[in-house]
Amino acid sequence: MDERAARTPAAEYRIEDLAHHSGATVRTIRAYQDRGLLPKPERRGRSNVYGDAHLTRLRQIADLLDRGYTLASIKELLEAWDAGRGLGGVLGLVAEVHGPWTDEEADRITRAELDAAFGGAPDEEAVREALELGVLERVPGRDDEFLVPSPQELSVAVELYAAGVPLSAISGHLRELRGQVEHIAHRFLEFTTEHVFARYLEHRPPTDADASEAAALVRRLRPLAQQTVDAELARAMRMFAARHLQQHLVPEGPRVEDGATRQVALPAATIRAVQQLVGPRNTSAFIAAATEREVRARTLDALMPTPNNCGQVEQTS
């Protein structure tokens with residue numbers, strides 16, 4: 001058999017066909033061409049002919065856009081690839097970073113199941129909060145069902161509610177916790193980038209080989225953040241839980257008269273932070289002043305009329 005006859009002919013597309021196969025619109029394809037993201041088609045008479053390379057490029061662009069990259073950064077990556085620096089390692093690194101960082105799998109829950117888990121009575125405000133926080137996600141076309149990205153997180157909320165914690169307090173706690181955890185994640189990434197990944201990411205974009213090495217490191221280091229947080233959280237919970245229990249079990253001491261002083265234990269990290277701020281000589285005075293200011297602020301808050309009791313004050317006056 002003739003070798004040329006055995007070859008599979010290269011696919012050819014008109015722009016409408018390319019749009020159909022790639023999922024992009026004709027207008028988008030032309031915009032990519034104008035911005036230099038897509039190679040120019042082959043001109044045949046009055047028609048433009050596209051090939052598999054154009055289809056592959058469109059799918060790569062769509063994938064990078066889905067992962068949060070801008071068209072400008074995508075253009076840099078594609079130009080580096082066209083210059084012969086390779087893109088396979090870079091795309092592998094992108095896929096590794098955007099891949100799942102937990103073995104937990106998403107689940108679904110019906111509205112009836114959700115209501116039953118939280119006391120049986122529908123609570124639209126609580127559902128709105130859960131959707132805003134991403135604890136629940138809507139399922140397209142299903143008003144009676146939700147996607148649960150983290151069943152463990154929802155399970156924690158169910159247990160806290162069963163223990164008597166109001167839903168508003170649970171959502172408020174999650175917002176506060178999320179901000180603190182995001183800070184930890186940011187610091188961990190800064191730390192590992194400075195000491196590990198900087199040598200692989202010094203070129204923009206990185207070379208294909210460096211990107212492949214960095215992707216392998218991501219796979220190795222990915223569990224470390226979770227392991228570190230788990231260990232430190234267990235240590236802190238053990239320490240503070242013991243203190244809280246001791247405070248509730250030990251009988252209250254004698255009343256401290258006004259003007260008298262008493263010793264209060266503060267974490268060493270707090271003392272060091274205050275010393276760095278005001279100096280060792282002023283530490284005690286600063287802590288006393290900060291405490292008095294907080295007490296006064298809370299006293300004023302308690303005395304201020306709220307929307308719920310304003311009417312009562314007016315009626316009794």
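Guide: A crossing is called left-handed if the near helix is turned anticlockwise from the far one by less than a right angle, and right-handed if it is turned clockwise. In this model, which is predicted, helix 10 passes helix 11 in a right-handed crossing.

Visitor: What else describes the packing of helix 10 and helix 11?

Guide: Two packed helices are described by the angle between their axes and by the distance between those axes. Here helix 10 (residues 167-197) and helix 11 (residues 208-249) pack at an angle of about 140°, and their axes lie 11 Å apart. Helix 10 is therefore oblique to helix 11, since an angle has to be over 145 degrees to count as roughly antiparallel.

Visitor: Which residues of helix 10 and helix 11 meet?

Guide: From helix 10 come Ile 184, Phe 188, Val 196 and Phe 197, and they meet residues of helix 11 including Leu 217, Leu 221 and Val 229. The residues of this contact divide into eleven nonpolar, no polar and no charged.

Visitor: Is Ser 150 buried or exposed?

Guide: Buried means under 20% relative accessible area, so Ser 150, at 18% relative accessibility, counts as buried. Ser 150 sits in the loop between strand 5 (142-148) and helix 9 (151-162), and its side chain makes a polar contact with the side chain of Glu 104 at 3.0 Å.

Visitor: Where is Glu 129, and what does Glu 129 touch?

Guide: Glu 129 belongs to helix 8 (residues 124-133) and is buried, because its relative accessible area is 17%. Not counting residues up to four places away in sequence, Glu 129 touches Ser 171 and Arg 175.

Terms used:
Residues are numbered from 1 along each chain as its sequence is written. This is a predicted model: local features need pLDDT of at least 70, side-chain atom pairs count only at pLDDT 80 or more; totals for chains, interfaces and linings use all residues. Side-chain values use heavy atoms; hydrogens and water are left out. Helices (H or I, at least four residues) and strands (E, at least two) are DSSP runs, numbered from the N terminus. Buried means under 20% relative accessible area, exposed over 50%, partly exposed in between (1.4 Å probe, protein chains only). A polar contact is a pair of N or O atoms within 3.5 Å; within protein, one must be able to donate a hydrogen and the other to accept it, and residues adjacent in sequence count only if both atoms are side-chain atoms. Contact means heavy atoms within 4.5 Å. Axes are lines fitted to C-alpha atoms, for helices over the stretch in contact, and angles run from 0 to 180 degrees between N-to-C directions. Angles under 35 degrees count as roughly parallel, over 145 as roughly antiparallel, 65 to 115 as roughly perpendicular and the rest as oblique. Ala, Val, Leu, Ile, Met, Phe, Trp, Tyr, Cys and Pro count as nonpolar, Asp, Glu, Lys and Arg as charged, and the others, Gly among them, as polar.
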